[in-house]
Amino acid sequence: MASNQTSLNDAKFALPVSDVEQQSALEIETEDFDYSKRAQWLRAAVLGANDGLVSTASLMMGVGAVKQDLKAMILTGFAGLVAGACSMAIAAASALAFSVGALVPLLAASFIREYKVRLGVVVAAVTLALMIFGWLGAVLGKAPAVRSSLRVLVGGWLAMAITFGLTKLIGSSGL
């Protein structure tokens, strides 16, 4: 063989011959991949979805406080989804995550004509999603799951309640 050619044994990506070599090759590949970067990206996606969920649900609850019309509530939620997704559109993934979260209250409200039932279904759907997003964020961030889920849940409830209450107050004052 000529001196400028490489033999198969000298190749950089030679196939492992024994179980020990296979295990060593697997450990090297695992060490090269940084799982913390993936977890950070996933956690950011969860936070974006949570933002879309709470922002859109709060807008819908606020409009629902003064208008019982299904169309007004859905249009407000859709406008919130589009505006929020556009504001997050700098890493497209954030826009998608925001949109996924925003779809929860939109879909929950879309098929219910009865005003009080619609508000209850939106709150129930958002509550379930908040608990899931809180738990998922805690797992990805290696935080206590119950405490994180409760914090996200209470924060979401407060945002919806404050928006509903203030909008109801302003709307009933004739402004």
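L130 touches N50, L53, V54, V152, L153, G156 and W157, leaving out residues up to four places away in sequence; contact here means heavy atoms within 4.5 Å. The model is predicted, so local features need pLDDT of at least 70 and side-chain atom pairs count only at pLDDT 80 or more, while totals for chains, interfaces and linings use all residues. Residues are numbered from 1 along each chain as its sequence is written, and side-chain values use heavy atoms, with hydrogens and water left out.

L130 also belongs to the largest nonpolar core, which has 26 residues; L53, V122, V126, L130 and F133 touch the most other members. Such a core is a set of buried Ala, Val, Leu, Ile, Met, Phe, Trp, Tyr and Cys residues joined through side-chain atoms within 4.5 Å. Helix 2 (35–66), helix 3, helix 4 (93–110), helix 5 and helix 6 each supply at least two residues of this core.

Helices are DSSP runs (H or I, at least four residues) numbered from the N terminus. Two of them are set out below, where the expected span is 1.5 Å times one less than the number of residues.

| Helix | Residues | First to last C-alpha | Expected span |
|---|---|---|---|
| Helix 3 (70–87) | 18 residues | 26 Å | 26 Å |
| Helix 5 (115–141) | 27 residues | 38 Å | 39 Å |

Buried residues (under 20% relative accessible area, with a 1.4 Å probe and protein chains only; exposed is over 50%, partly exposed in between) in helix 5 include Y115, R118, L119, V122, V126, L130 and F133. In helix 3, L70, M73, G77, G80 and L81 are among the buried residues. Just after helix 5, K142 takes a positive phi of about 55 degrees.

Helix 5 and helix 6 pack at an angle of about 150 degrees, with their axes 8 Å apart. Axes are lines fitted to C-alpha atoms over the stretch in contact, and angles run from 0 to 180 degrees between N-to-C directions. Among the residues that meet are L119, V126, L130 and W135 of helix 5 and S148, V152, W157 and F164 of helix 6. By class, this contact has 13 nonpolar, five polar and no charged residues.

S148 lies in helix 6 (residues 145–172) and counts as buried because its relative accessibility is 8%. Apart from neighbours within four places in sequence, S148 is in contact with G134, A138 and A143. L169 is also in helix 6, but L169 is exposed, with a relative accessible area of 55%. The C-alpha atoms of L169 and V66 are separated by 8.9 Å, although these residues lie 103 residues apart along the chain.

Conventions
Nonpolar A, V, L, I, M, F, W, Y, C, P; charged D, E, K, R; others polar.
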